[in-house]
Every structure is written in C-alpha cells, then in structure tokens.
Amino acid sequence: MHTVTIKELRKIIPTIGKELTPIIQSEPGCGKTSLLNMIQEDLGDGYDYIYVDCPVKDMSDIAMTIPNHETKTLESYVGSLFKLSSDKPKVILLDEFMKAPKLLQVIFTRLMLERSVGDTPLPEGSIVFGTSNNQSDGVGDSMLAHAGNRVCIMRMAKPELNDWLTWATDNGVHALIRAFVSMFPRTLNSYLDGEQDDNPYIFNPKKAQLSFVSPRSLAKASVIVSNRDVIGDNATMCALSGTIGASASADMTAFLSLDRQLPRFDDILDRPDTIAVPSEVSAQLMILFQAVDKLQDQDSLSKFMRFVKRLPSSEIQAVFFTMMVRSKNGRSLARSNMDIAKWATENHELF
C-alpha cells in the first residue's frame with residue numbers, strides 16, 4: 001500500500017480538506033496528532049484550530065436539543081468545542097475517529113461530508129480531517145463501510161531518519177537520544193516494512209507490549225535522559241524501559257554511559273586540532289548532536305568544523321552537516337559559514 005509523508009500531508013490537508021475529509025492512518029506514536037499544530041504553523045491565525053478527542057466524547061459534547069418554550073419546539077445547541085461564536089473558518093481534527101462510539105461516528109460523518117455540526121454549518125472555508133490507527137494494528141479501529149467510501153483514507157509513513165532527527169532537534173529532544181537513534185536507525189522501522197519480526201524495539205501487533213520505541217515515546221524519554229544524574233542509573237533504566245521498552249532501554253543505558261567519557265564541549269572549541277577524537281562512532285555522534293544545540297556564532301562553528309574534519313568517516317561528518325543545514329537554529333549559521341561551504345563542496349558526492 002502506498003504511504004504519504006507528514007511533509008506531504010501538511011500540503012494535502014489544507015488543499016483538499018475544505019471539500020474532502022482526509023482520514024490519516026498510521027501505527028501508534030508516529031505524529032498524526034501533531035499535524036494540527038503543523039497546519040496551524042503553516043496557516044496562521046486566520047483559522048480557529050479545534051482538537052476533538054473522539055473516543056472520550058459523547059453526544060452532549062457535540063450538540064444537545066433544548067426546548068424553546070415560546071415556539072414549543074426543540075432547538076439544537078452546538079457544543080462550545082467547535083467555537084461557532086467566532087466567524088473564523090475552522091480547522092478541525094477528529095483524532096482517533098475510528099475509536100469513537102458508533103453513534104458519534106454517525107454524527108461526525110455529517111461533519112465530514114457537509115461541514116455541519118448537526119444542523120449548524122461551519123463557516124465557509126473550514127477544513128476537517130481525522131486520524132486513526134491502522135486496522136492491522138489491532139487496537140480497536142473500525143469504520144462503517146458507507147462512511148469510508150465518502151472520505152479519503154491515507155496511510156502515513158513513519159518518518160525517515162533525517163526527517164525525525166530534524167524534528168527532534170527543532171523540538172528540544174535531548175541530543176543523546178538523537179545520537180542513539182542515529183546509531184540505531186532500526187528504532188524508526190515499521191512492522192509493515194517486512195522482515196521486522198526480529199526487531200526488538202518497535203511496535204508489533206503480534207507481540208504483547210505496552211512500551212516500545214516510537215517517535216512519540218522517544219520524545220517522551222527526553223525528560224528522563226535530561227534528569228538521569230538526579231534520579232540515578234537504576235531509576236533511569238527502569239523509567240526508560242517503561243517508556244521505550246526493555247530492549248531499547250538496555251541499549252540506550254549502555255549508550256548513555258559513554259557520555260561521561262566525552263571531552264567537554266568547551267575543551268573541543270579550545271583545542272579543535274589536538275583534542276583526542278573518540279574512537280567509538282556512538283561517542284562521535286553524541287558530540288555532533290550536542291554541537292548542533294550549542295553552537296551560537298560563526299567563530300565557534302568554524303572552530304568546531306576543524307574538529308569535525310578530523311573524524312575518520314566522511315559519512316559521520318555528513319550527519320553534522322545535514323543537521324546543521326536542516327535545523328532551525330543551525331540553518332542560518334551554516335548558510336553563511338565558509339568552512340561549511342568548503343566542506344559541502346569537497347564532499348558533494350555524499351548528497
């Protein structure tokens with residue numbers, strides 16, 4: 001089955017979502033819900049942005065019929081959730097739509113087809129989209145066939161390594177977690193990729209598991225790694241195990257132990273030509289991802305590039321270049337740095 005990327009969905013949903021409702025499916029923890037915030041970044045404040053957590057809503061959250069004693073009729077009052085007191089068009093996310101009670105699915109179907117909450121239409125230009133897990137994930141997602149035939153169901157791909165690393169950098173995920181994922185790219189594989197039965201990290205519906213590696217759980221683990229010196233080694237491993245699973249926890253804990261052996265970042269900037277270069281690739285990656293976060297000016301970047309050029313692998317050097325030119329904070333520095341430009345020219349075959 002063909003898949004679509006998050007980047008593509010940021011264009012697809014605003015483009016078709018005024019007339020046709022996209023329903024985005026993926027396995028757990030891949031970033032479907034974050035699409036609402038991404039679209040808000042893209043479209044700005046010309047819309048009201050509405051998150052609907054479908055499985056926990058009931059009829060009273062959507063609309064209720066209230067007696068009108070003057071006319072002796074029943075009138076529909078729409079829930080404040082939909083912000084219809086505002087004239088702005090809406091961007092509405094029906095999150096986990098396929099886990100909603102069947103009665104609410106019927107109600108939401110009119111919203112998806114007619115852009116109307118009950119009998120009350122949404123403002124012109126409103127966008128509606130939904131999310132759900134893959135039905136093959138086995139987590140209770142289903143949809144009435146006649147409703148499915150009226151919407152646009154698309155499967156979202158898990159993020160590629162560099163796409164996730166860029167997102168994680170821009171969203172404050174700890175540098176050591178980013179280095180770990182770069183070292184263990186299998187953590188971003190999907191059970192749908194095939195030949196993943198021996199992958200101990202990821203979600204797989206064939207296995208009984210509550211904790212596993214996903215883009216979401218990796219981001220959640222950031223607070224644990226940031227506070228590992230406070231909570232101690234054993235508690236860190238236990239907390240990681242309960243967040244990203246036992247296999248990933250064991251490997252990440254061993255990986256994190258290298259951090260204490262790394263040279264101080266300031267020492268690297270003071271002695272970029274002579275300071276010892278760690279022999280382990282994992283240690284080199286740790287330094288590179290820390291640098292992406294810490295570099296603030298052209299002088300420091302040029303000094304650090306002298307250290308980068310001493311790394312024995314041009315592919316590892318390319319990790320630093322890629323993250324610098326793609327991350328929000330590093331992009332402006334990298335674009336105007338002569339050492340970065342020279343490195344890119346000399347290593348153009350890597351891209």
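Colleague: Why is aspartate 273 called partly exposed?

Modeller: Aspartate 273 has a relative accessible area of 43%. Buried means under 20%, exposed means over 50%, and partly exposed is what falls in between (1.4 Å probe, protein chains only). So 43% puts aspartate 273 in the middle class. Before we go on: this is a predicted model, where local features need pLDDT of at least 70 and side-chain atom pairs count only at pLDDT 80 or more, while totals for chains, interfaces and linings use all residues. Residues are numbered from 1 along each chain as its sequence is written, and side-chain values use heavy atoms, with hydrogens and water left out.

Colleague: What makes aspartate 273 and arginine 306 a salt bridge?

Modeller: Their closest N and O atoms are 2.6 Å apart. The term asks for a side-chain nitrogen of Lys or Arg within 4 Å of a carboxyl oxygen of Asp or Glu, so the pair qualifies. Aspartate 273 sits in the loop between H13 and helix H14 (281–294) and arginine 306 in helix H15 (residues 298–308), so the bridge ties together parts 33 residues apart in sequence. Helices here are DSSP runs (H or I, at least four residues), as are strands (E, at least two), numbered from the N terminus. Arginine 306 counts as partly exposed as well, at 38% relative accessibility.

Colleague: How many salt bridges does the whole structure have?

Modeller: The search finds 18. One of them joins aspartate 259 and arginine 228 at 2.5 Å, N to O. That pair also links distant parts of the chain, 31 residues apart: aspartate 259 is in the loop between helix H12 (246–256) and helix H13 (265–270), and arginine 228 is in helix H10 (residues 228–231).

Colleague: Are aspartate 259 and arginine 228 buried or exposed? And what about aspartate 197 and lysine 206?

Modeller: Aspartate 259 and arginine 228 are both buried. Aspartate 197 and lysine 206 are both exposed, and their side chains meet in a salt bridge at 3.7 Å, N to O.

Colleague: What makes serine 182 buried?

Modeller: Its relative accessible area is 15%, so serine 182 falls under the 20% limit. Serine 182 is found in helix H7 (residues 175–183). The C-alpha atoms of serine 182 and tryptophan 164 are separated by 9.9 Å, with the two residues 18 apart along the chain.
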